[in-house]
Amino acid sequence: MDLAWNETQQMLKSSARSLLAKECPLSMVLAMEKDEKGYSPQVWRRMAEAGWLGLAFPEKYGGAGGNFLDLAALLEEMGRMLTPSPFFSTVVVGGLAVLASGSEAQKAELLPKIAQGQLFMTLATLESTDDYWYTYLNSRANRDGNGFVLNGAKYFVPDAYVTDYFLVSALTSDTGPDPWEKNRGISVFLVPRSAPGVKVTPHHTFSGDRLGRVEFDGVKASRDWILGEVDRGWKIVMETLDRGAAGKSVEMAGGAQAVLEMTLDYLKRRVQFGRPVATFQALQHHLANMAMDVEGCQSMAYQAAWRVAQGELWSSDISMAKMWCNEAYNRICALAHQCHGGMGFTWEYDLQLYTRRAKVQEQAFGDAAYHRTMLSQALSGL
Amino acid sequence: MDFRFSPAEEAFREELLEFLARELPPDLRGVGRATESGDWELTLSMRRKLAQRGWLTMHWPKEYGGMGASPMLSLILNEEMSYHRAPGRDVFGARMLGPTLMIYGTREQKERFLPPVARGEVQWCQGYSEPEAGSDLASLRTRAEDKGDYFLVNGSKIWTSLAHRADWMMLMARTDPDAPKHRGISFLLLDMKSRGVEVRPIISMAGEHEFNQVFFDNVEVPKENLVGEKGRGWYVAVTLLDFERSGIDYAASAKRILDDINQYMDDVHGDHGTDIPRADEGWARDLMVERYVETEVARLMAYKVTWLQSQGQVPTKEASMSKVFGSENLQKCAAAGLKILGHYGVLTDEDKWVPLRGIIEKAWRYSISGTIAAGTSEIQRNIIASRGLGMPRG
């Protein structure tokens with residue numbers, strides 16, 4: 001057993017921490033909420049130069065040959081600094097899905113560009129029903145000559161209007177989906193945002209996240225847009241969601257730690273009744289509870305990331321981690337507000353940046369209800 | 001990062017599981033508490049068998065009759081013993097007294113007291129809490145007057161687990177009433193057969209005789225039974241508290257409760273004849289998943305404590321977190337069990353219709369003491385805040 005980051009990862013974390021503090025402080029995070037792109041191209045270039053974008057790709061695709069834990073080391077720091085960027089969608093979601101399931105041609109075409117910071121990707125799978133499960137999938141790609149015609153609408157798509165490619169899940173079987181027994185019915189398409197018939201409408205969220213609704217109206221999809229095999233895309237979606245849930249958990253653990261530290265610092269400085277309020281036991285016990293929740297977030301998230309690094313997607317440890325981090329991180333933010341009093345409720349104080357984002361992170365790649373259902377099925381052997 | 005145990009550790013777990021499958025009676029009724037005394041014969045025979053294999057004191061250095069086993073192996077032992085509700089472990093002798101004597105004991109004390117513990121032949125108990133000294137332990141008032149070649153002990157200890165089974169007691173007593181409260185305490189080894197020792201049972205709300213109150217009326221303790229320096233007993237005892245557990249017992253006991261309830265939910269499913277509909281409802285499954293997730297957190301917290309120890313670190317904050325979190329989760333798991341069992345959950349093992357041999361209700365009753373014994377949740381939270389997070393004392 002080894003529960004620590006290795007030396008490389010520690011170095012990665014410390015350089016990430018200083019790079020993000022310098023290039024993308026929390027003041028910039030707030031400013032980016034009003035920015036048209038929602039991210040800073042300069043920060044993105046720095047990430048590419050630092051080798052972060054290709055960190056987990058093999059060297060032959062312009063990467064550094066790292067694994068998911070190396071990536072997790074970065075994600076924890078980005079979660080800590082709330083870095084607004086299409087990193088998660090492009091690398092953790094899109095890039096790793098292409099690496100795991102793409103053809104040689106797709107990998108050779110897309111991965112080096114991602115590594116160089118020249119290409120963005122994102123997952124477009126949720127629909128109006130807001131449920132990841134395949135029975136709620138209504139987008140359809142009908143065969144048309146050698147290709148397909150794609151129709152449907154995807155909701156809550158991260159980074160929808162900066163992305164170059166959407167990973168789109170759609171029904172491709174006439175007899176209805178049966179993605180388990182017969183591996184039938186759902187395919188994943190790599191759809192360029194520039195393709196005719198693609199229309200992106202921004203959602204307006206309270207978190208500053210860039211979610212969008214994407215409509216596919218008679219989009220002509222060629223066969224080589226398919227990721228993996230025709231009709232066998234559901235496994236790709238599920239594995240992508242697993243990577244997303246594990247990565248998001250680590251990101252949330254990073255944010256949780258930052259909120260704990262921010263609160264601790266505030267309580268030591270804030271004086272009432274002639275002494276720092278940190279001396280009051282009522283607040284000390286709030287902080288002890290937050291520290292336990294942070295510890296839980298870290299342990300669970302690291303274990304999930306380790307599972308992914310081991311190639312053990314489909315592990316219930318991943319759902320457990322996301323379910324725990326969803327609830328624990330929100331508890332941590334709630335207690336942090338209680339400890340900060342009125343100050344934490346102001347727009348100018350950094351705490352609220354975390355609290356608002358925690359709510360969107362909670363929804364991404366499965367909220368607690370979704371993962372509870374997944375785990376419940378695993379528990380009763382369904 | 002690697003969450004796996006080593007092949008050698010896994011091999012030990014396998015060997016231990018085979019041992020438990022062979023040695024544990026199928027109708028085991030205890031809940032596996034390390035201080036359980038219900039079936040004392042079984043406890044003693046299991047203890048001897050653990051000792052024969054060297055497992056009872058496996059974490060001790062070889063020179064003292066141990067196996068020099070890593071903290072990780074100890075963790076596995078505790079995890080499986082708790083999960084299987086196996087009696088026989090020796091918290092006081094093997095986990096507390098032994099390591100303390102190795103640090104503070106004289107050569108004579110080590111030679112005299114350690115081997116019987118390693119052989120599983122002696123029961124120790126812990127004379128710390130007093131009626132007026134609970135969380136504020138350092139205010140204890142039991143006196144030990146220096147009479148030249150012996151100490152004369154008068155006073156009383158309470159919540160003394162297994163005192164009625166014990167041969168010896170680790171006693172914290174005040175030798176200097178004028179010194180500041182932490183500085184006037186000495187750590188003595190007291191023979192429970194001494195004249196003037198009286199043990200009175202306290203029956204817990206679990207209906208079991210586990211605790212006692214112990215009275216000392218002019219009890220003589222020879223000078224050679226002083227451990228460490230006179231007046232430094234608080235520091236000897238504090239060292240010893242650091243040897244207390246990782247919290248894995250809480251996580252493993254909780255996991256077992258959940259696995260039992262999950263099996264029960266399957267057994268009473270309509271497909272299997274005995275249809276108890278409440279056990280198949282969504283709320284029950286949701287409750288179970290939530291408990292499983294939190295139990296996994298508790299398990300990882302305990303692993304973290306042990307892993308830090310194996311790295312030569314002193315995980316003070318982590319141990320307190322694991323204790324609070326683990327004991328509170330165990331309460332929630334036992335309560336969830338009762339909720340799902342409904343009326344069947346309140347039946348005792350005297351009732352013909354009791355499910356799961358009545359162990360869940362017993363575990364629930366015991367769980368209430370979990371957030372109090374070995375440092376209340378409130379004291380642990382104080383430790384997390386002050387020693388862990390550096391928050392100033394008021």
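Modeller: The size of an interface is often given as the accessible area lost when the parts come together. Here about 3900 Å² is buried between chain A and chain B, with 71% of that area given by carbon and sulfur atoms; the loss uses a 1.4 Å probe and is summed over both parts. This is a predicted model, in which local features need pLDDT of at least 70 and side-chain atom pairs pLDDT 80 or more, while totals for chains, interfaces and linings use all residues. Side-chain values use heavy atoms, without hydrogens and water.

Biologist: How many residues of chain A are in contact with chain B, and how many salt bridges are counted between them?

Modeller: Contact requires heavy atoms within 4.5 Å; 39 residues of chain A meet 37 residues of chain B in this way. The count of salt bridges is 2, each being a side-chain nitrogen of Lys or Arg within 4 Å of a carboxyl oxygen of Asp or Glu. One of them joins Arg372(A) to Glu290(B), at 2.8 Å from N to O.

Biologist: Which helix gives the largest share of the side of chain A that touches chain B?

Modeller: Helix H8(A) does, with 16 residues; helices are DSSP runs of H or I with at least four residues, numbered from the N terminus.

Biologist: Which residues of H11(A) are buried?

Modeller: Buried means under 20% relative accessible area (1.4 Å probe, protein chains only). In H11(A), the buried residues include Tyr370(A), Arg372(A) and Leu375(A). Their cover includes helices H7 and H9 of chain A and helix H8 of chain B.

Key:
Residues numbered from 1 in each chain as written. Chains lettered and ligands numbered in written order. Buried < 20%, exposed > 50% of the residue type's maximum accessible area, 1.4 Å probe, protein only. Helix = DSSP H or I, 4+ residues; strand = E, 2+ residues; numbered from the N terminus. Buried area = accessible area lost by both parts, 1.4 Å probe.
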